[in-house]
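This briefing is meant for a reader who is meeting the structure for the first time. Please look through the sequence and the model below, and then follow the notes by topic.

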Amino acid sequence: MTYPPGNPYGQPQGNPYGGQQGNPYGQPYGQPQPHGGQPQPYGQPQPPYGQPQPGYGQPPPGYGQPPPYSGQPAPGGQPSWQPSTLNPHTLPDDDNVNPYVFCIALTGGEWFMSKGAMLAYYGDVRFDAVTEYSSVQAWVASRFSSPVYISDWVVAQGHGKLLIGDRGFDLNSYDLDDGNLTIKASNLCAFSKQLELKQSIVPGFVTLIGTGKFIASSNGPVIFVEPPFRADPDALLGWADCPSPSVHHDAQWMTQNLRGMISGALGRASGEERQYDFTGQGTILLQSSEVAREDPAVLRLVESQTQLLTNSQAGSLGQRLIARAQQQ
Amino acid sequence: MALLTAHKRVLHADLQGDRIRAASGSMVAFEGNVDFKSSGMGGGGGMRAALKRAVAGESLSLMDCAGHGRVYLALDAMDVLVVDLAGDTLTVESEHILAHTEQLRLDVQFAGLRGMTSGHGLATTTVTGHGQVAIVSEGPVMALEVAPGADLVVDPDAYVGSRGQLSMNLVSGVSWKSLVGEDAGEPFSLRFTGSGLVLVQSAER
């Protein structure tokens, strides 16, 4: 990624003239600065030129600029038949077929795949439950260390072309290079076996660590933002490199709105007052939609945490849940 | 002759004194003089097909659009594709049919076990004749080529239709042990052999 050109303030030590407004040497204004993808150091003033905030809408290197898809038919085919006739030879290798479909070229290797992501495949491909496969191949257990999610995933192996999709959402592939990225579990479709999956502290999210490729869906295009930033939990797709978010409750919203205050006091979240607060350095991924899919793992996750409750606490939680179910 | 043209998620049907059949409730606007009426027992093909359809649970509710003018048709903002048929047969899931010209014949074909996996009834609809049929899909349709030596396996929920000399079997992609052990991911899929095209959408129903 190249930063917006002409920003000498971020690196004062490399530029003895950095403090000057005038620029007698015709230098560094207009030259891209080699920030190397590092976000602005904390507490530094923003570039005073009225430029757009660096990073907005620009994916950083390595985290998956969605590759331009190929194989889309020429628009001349309308209105007659010929949408896009594809066969094993014309399907791309590890690339998007169209914005909503990704083609994985399997050549004897294994991929972890979310159950139900498969649309179709050519060739000889086997799907095994992760638990089943890990008893045969010991490395699987070390790669997939998330018991809550393990039953929602399969291992695909064999030779052929595998087409995956997710509810017609946009699919993007991301290349991790010795990095880590946390993503909403229900949006993760597949990842290569070189990557390691761990359960994030934040419920409903998983973290991928290592070097490799993964494919994730987003409802609408992915938006890349840099911290400090507050995100709506429903629109949040994931984050890379920065620390896990803390929950921020918008005090103004809660005091202005009586109902919000009451439900806030009762620990009920009505929505907008609860945000995820990101600090530090990194990249946040957002989608332009707040429609969430029911994630079966969240239920398992919450259920396992009820062990923290005493018996009487568990009883009153049960009563509240019954009351909530009866309201609907 | 009526002409169907797909414009992304809207189908334009230009009528010149003739008739098309379209999914009930799919009309969003029209210009000119067009009459709409329910075509009774469903998708054409007469009483026998209607009876078969009722038995099979293949639901298809169509209306007649006749007259002069242009009708705009759409269904749940799904992508529209127009298929031209010249005497050959298109097999398509009935819920994906948006409209067809009146020369085409719709019939029900029993598909065996497939319906049990996807819960779509035991039957699928065939469209035969000379004319045009408009189908809808979640996301654009991909036409995947099947040839000898290049079999295709499709998720029943992503399957839209097929065309050509194809035979379809049910396969289990997951080993038996993992099926028993837990709720398996892709429990059944459809394997297509022969030569032809299989239409696949990018979302599972």
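Arg70(B) is placed in strand S4 of chain B, where helices (H or I, at least four residues) and strands (E, at least two) are DSSP runs numbered from the N terminus. The model is a predicted one, in which local features need pLDDT of at least 70 and side-chain atom pairs count only at pLDDT 80 or more, while totals for chains, interfaces and linings use all residues; side-chain values use heavy atoms, with hydrogens and water left out. Residues are numbered from 1 along each chain as its sequence is written, and chains are lettered from A and ligands numbered from 1 in the order in which they are written.

**Arg70(B) and its surroundings**

- Arg70(B) counts as partly exposed because its relative accessibility is 27%, given that buried means under 20% relative accessible area, exposed over 50%, and partly exposed in between (1.4 Å probe, protein chains only).
- Not counting residues up to four places away in sequence, Arg70(B) touches His12(B), Ala13(B), Asp14(B), Ala29(B), Phe30(B) and Glu31(B), where contact means heavy atoms within 4.5 Å.
- The side chain of Arg70(B) makes a polar contact of 2.8 Å with the side chain of Asp14(B), and another polar contact, of 3.4 Å, joins the side chains of Arg70(B) and His12(B).
- A polar contact is a pair of N or O atoms within 3.5 Å; within protein, one must be able to donate a hydrogen and the other to accept it, and residues adjacent in sequence count only if both atoms are side-chain atoms.
- Although Arg70(B) and Gly32(B) are 38 residues apart in sequence, their C-alpha atoms are 6.6 Å apart in space.

**Chain B as a whole**

- Chain B has three helices and twelve strands, and buried residues make up 56% of its 205 residues.
- Among the contacts in chain B with a separation of 6 or more, 80% are between residues 24 or more positions apart.

**Salt bridges**

- Over all chains the structure holds 17 salt bridges, a salt bridge being a side-chain nitrogen of Lys or Arg within 4 Å of a carboxyl oxygen of Asp or Glu.
- Asp64(B) forms a salt bridge with Arg21(B), with the closest N and O atoms 3.2 Å apart; Asp64(B) lies in strand S4 and Arg21(B) in strand S2 of chain B, so the pair ties together parts that are 43 residues apart in sequence.
- Asp64(B) and Arg21(B) are both buried.
- The side chains of Asp64(B) and Arg19(B) also meet in a salt bridge, at 3.4 Å from N to O, and because Asp64(B) lies in strand S4 (residues 62-73) and Arg19(B) in strand S2 (residues 10-23) of chain B, this pair ties together parts that are 45 residues apart in sequence.
- Arg19(B) counts as partly exposed at 31% relative accessibility, whereas Asp64(B) is buried at 6%.
- A network of salt bridges links Arg19(B), Arg21(B), Lys37(B), Asp64(B) and Glu102(B).
- In chain A, Asp152(A) forms a salt bridge with Arg300(A), the closest N and O atoms being 3.3 Å apart; Asp152(A) lies in the loop between strand S5 (144-145) and strand S6 (153-164) and Arg300(A) in helix H5 (residues 296-305), so the pair ties together parts that are 148 residues apart in sequence.
- Asp152(A) is buried, with a relative accessible area of 18%, while Arg300(A) is partly exposed at 28%.

**Where chain B meets chain A**

- The contact takes 40 residues from chain B and 38 residues from chain A.
- About 3100 Å² is buried between the two chains, and carbon and sulfur atoms give 57% of that area; buried area is the accessible area (1.4 Å probe) that two parts lose on being put together, summed over both.
- Across this interface the rule finds zero salt bridges, but it finds six residue pairs in polar contact, both residues being at pLDDT 80 or more.

**Asn187(A)**

- Asn187(A) is in the loop between strand S7 (170-184) and strand S8 (188-192) of chain A, and it counts as buried at 3% relative accessibility.
- The side chain of Asn187(A) reaches the backbone oxygen of Ser217(A) at 2.7 Å.
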